Amino acid sequence: MENSLREAMEAKTRELIAAPTCSSETKEAAERWLSALGTEAERAETESYIKELEEDIMPIDQLIGFAGSDAGKEYFGAETAEGIVSHAREIKAGGAKYCDCPACLIVKDILDKKEEMLK
């Protein structure tokens, strides 16, 4: 991976780890990837990291479905869930394909560079 790209993705990954909406699985994968930079394990950890990010980014329809469900209302609280659904529908109408929480925005930025990361 090109040095400037590695540095940019390292910075994005550190932002992701600090994001309040980042899942524990994603944090663990991010930390493993950071630890592998510059080692023989870098390629394998890059592939693993990208796979985790692809699994964890929240498609907008999935967010709407979960937040609007009984489980979503229990998880977020009814009022917050209603606000999430409303916001998600609004951004979907504007063309959004994914959730726009801090973690998902960073994940999207990283995934936009995945082909370059795997070179």
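Modeller: Happy to! Helices are DSSP runs of H or I with at least four residues, numbered from the N terminus. This is a predicted model, in which local features need pLDDT of at least 70 and side-chain atom pairs count only at pLDDT 80 or more, while totals for chains, interfaces and linings use all residues. Residues are numbered from 1 along each chain as its sequence is written, and side-chain values use heavy atoms, leaving out hydrogens and water.

H4 itself spans residues 60-67, and its buried residues are Ile60, Leu63, Ile64 and Ala67. Buried means under 20% relative accessible area, with exposed over 50% and partly exposed in between (1.4 Å probe, protein chains only). These four lie on the same side of H4 because they cover an arc of only 100 degrees around the axis, taken from the directions from the helix axis to the C-beta atoms. An α-helix has 3.6 residues a turn, so residues three or four places apart point the same way.

Now to the cysteines. A disulfide is a pair of cysteine sulfur atoms within 2.5 Å, and by this rule the count comes to zero. The sulfur of Cys22 is 8.9 Å from the closest cysteine sulfur, in Cys101, too far for a bond. Cys99 is in no disulfide either, as its nearest cysteine sulfur, that of Cys101, is 3.7 Å away. Cys22 counts as buried at 9% relative accessibility, and Cys99 is buried at 11%.

Notes:
Helix = DSSP H or I, 4+ residues; strand = E, 2+ residues; numbered from the N terminus.
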